[in-house]
Amino acid sequence: MADVSVAIADALEDLSEENFKKFCHRLLARKEAPQVRRKQVEGKSYLDVTDLLVSTFTEAEALTVCVEILKSIGCNNEAQSLAEELPSGGAAAVDGKHFVDKHRLSLTQRVTDIGSILDELLDEGVIQDECYERIRKINVPQDRMRELYSTALRSSGEKGKDVFLKLLEKYEPYLVADLRK
């Protein structure tokens, strides 16, 4: 996940000097453990602060902390951009839940092009032939989605969910954009 460090560094580099100072101040003011000491941040560059974030927290947690602080100082566009640069739109890291898990109910109700998505999930190896055939036999789209969630997506882990999300972005772009708001 070296991409996390690069994405955080890019986001911090794009901040104005004033917003970078606000970011560092909020980082110091965090009450949750682990806490960062003033001497670790004062007078440091965005690269130093990026290294500090990643070494103090896990990479995923560093991303979460960074996005939370950016939002708290009013840098919502930067926070959103940071989250979107990462696999699954940063949803897993930011909310503690993968995007497809967080929006399960909405996706179950609103996905319409499940056939095309199933075809590509099969091609990508996320689902097997038997599961594919079982889901294709279901007539109601919502029931197809429920079966997909309860079988293949449950067992495929984060990588399978990432593939599913990319397919949702391809076949249901307006739905995904609406859910990201």
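I started with Cys131 and looked up its cover: at 10% relative accessibility it counts as buried (buried means under 20% relative accessible area, exposed over 50%, partly exposed in between, with a 1.4 Å probe and protein chains only). Before going on, I noted that this is a predicted model, where local features need pLDDT of at least 70, side-chain atom pairs count only at pLDDT 80 or more, and totals for chains, interfaces and linings use all residues. I also noted that residues are numbered from 1 along each chain as its sequence is written, and that side-chain values use heavy atoms, leaving out hydrogens and water.

**Around Cys131**

Which residues of helix α11 are buried? I found Cys131, Tyr132 and Ile135 in this helix, which runs over residues 129–136. (Helices are DSSP runs of H or I with at least four residues, strands are E runs with at least two, and both are numbered from the N terminus.) The three cover an arc of only 100° around the axis, so they sit on the same side of α11; the arc is that of the directions from the helix axis to the C-beta atoms. Asp129 and Glu130 are exposed on the other side of α11. I then checked what covers the buried residues of α11, and the cover includes α10 (114–124) and α12 (141–171). Contact here means heavy atoms within 4.5 Å.

**Cysteines**

How many disulfides does the structure hold? I got zero, with a disulfide taken as a pair of cysteine sulfur atoms within 2.5 Å. A disulfide is a covalent bond between the sulfur atoms of two cysteines. For Cys75, the closest cysteine sulfur is in Cys66, 9.9 Å away, so that is too far for a bond. Cys75 is also buried, at a relative accessible area of 3%.

**Leu12**

Next I went to Leu12, which lies in helix α1 (residues 2–13). Leu12 counts as buried, with 2% relative accessibility. Setting aside neighbours within four places in sequence, I listed its contacts: Phe20, Phe23, Tyr46, Val49, Thr50, Leu53 and Cys66. I also looked up Lys181, which is 169 residues from Leu12 along the chain; their C-alpha atoms are separated by 23 Å.

**Whole protein**

Zooming out, I counted 13 helices and zero strands. The C-alpha trace spans about 60 × 25 × 25 Å along its principal axes. Of the 181 residues, 42% are buried. Among the contacts with a separation of 6 or more, 64% come from residues 24 or more positions apart.
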